[in-house]
Amino acid sequence: MQLVTEDNITELAATRWGTAHDPRTAEIMTALVRHLHDFAREVRLTEAEWMAAIQWLTRTGQISDEKREEFILASDVLGLSMLVVQMNHHFDETATPATVLGPFHIEGSPELEYGAEMSEGIPGTPLYVHGTVRDLDGKPVGDAVLDVWQADTEGAYEAQLEVDEARLRAKYTTREDGSYCVRTIAPLGYAIPMDGPVGDLISRTDISHFRPAHVHFLINVPGYEPLITHLFQEGAPYLDSDVVFGTKQELVVAFTKHEPGPTPDGGESAVPFLTAEYQFVLQPSS
């Protein structure tokens, strides 16, 4: 019988997990064991601190559901989500950069026509996000599906509200010339949910718990790498302190104010409105 000691426990545990049938699982789990043990040794983790961490993870699981992804939020604020994005999406420098998915994306958004409104009945300043989707050579990409979602003027997403219908989310398909037009309302910078374990942890620091104003996009086109990204409002507060590290200069766009008159979708607005123009550039699949 081999006695377990503080000196040999790491090697014993790593060896056991190295028996995983899948080589990648074995690689991941043995590395995880070694790094966790190294962390515990570095900070001289106490039993009380270990139990507090277990309870924090338990609360994180208990508050999560099909709409609230508290574990994704935890990954976001720790910078892990953006690290994984950066490691897995080495796009051409001319391609639109990727950012985090975030915890509020909902599958099955309704499909809307070019210029149709996804904010109907919701108060706010009208905003038209328009432009084109192209490849690295500048060729327009038609039939690209843009899955769009955002917060309202109170900083709340549908996933945080008790609503029965799709709210501030929709899917738009580019026309043959690659053009798209999303009609919505101007988003607001907002605080991440502070009523859960992640918020409790953040509140014990000087970390800003706000995100700058933005609109989310997920673009899927056969033959191209999927793109998950945001468009941020130029000049918005918190661009330099985004709590999930998602801001990139290439994704900051001007929200231009217009008086009542012609709109980018070919219509007319009876009230002042904003426009944001952006050209998405997709990376071909490898």
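His258 stands opposite Phe273, a residue of strand β14. What you're looking at is a predicted model, where local features need pLDDT of at least 70, side-chain atom pairs count only at pLDDT 80 or more, and totals for chains, interfaces and linings use all residues. Residues are numbered from 1 along each chain as its sequence is written, and side-chain values use heavy atoms, leaving out hydrogens and water.

Let's stay with the strands. Three bridges join β11 to β14, and these two run antiparallel. They belong to an open sheet of four strands, ordered β5-β2-β14-β11 with mixed pairing (two strands pair if DSSP finds at least two bridges between them). β5 and β11 stand at the edges with a single partner strand each, so one side of each is left without a neighbour in the sheet. Neighbouring strands here are turned by 25° against each other on average, direction ignored.

| Element | Residues |
|---|---|
| strand β5 | 179-185 |
| strand β11 | 256-258 |
| strand β14 | 273-282 |
| helix α1 | 9-17 |
| helix α2 | 23-43 |

Helices (H or I, at least four residues) and strands (E, at least two) are DSSP runs, numbered from the N terminus.

Now for the helices. The axes of α1 and α2 come within 8 Å and cross at roughly 160° (axes are lines fitted to C-alpha atoms, for helices over the stretch in contact, and angles run from 0 to 180 degrees between N-to-C directions). That makes α1 roughly antiparallel to α2 (angles over 145 degrees count as such). In α1, the residues meeting α2 include Ala13 and Trp17, while those on the α2 side include Val33 and His37 (contact means heavy atoms within 4.5 Å).

Definitions and conventions:
Parallel < 35°, antiparallel > 145°, perpendicular 65-115°, else oblique.
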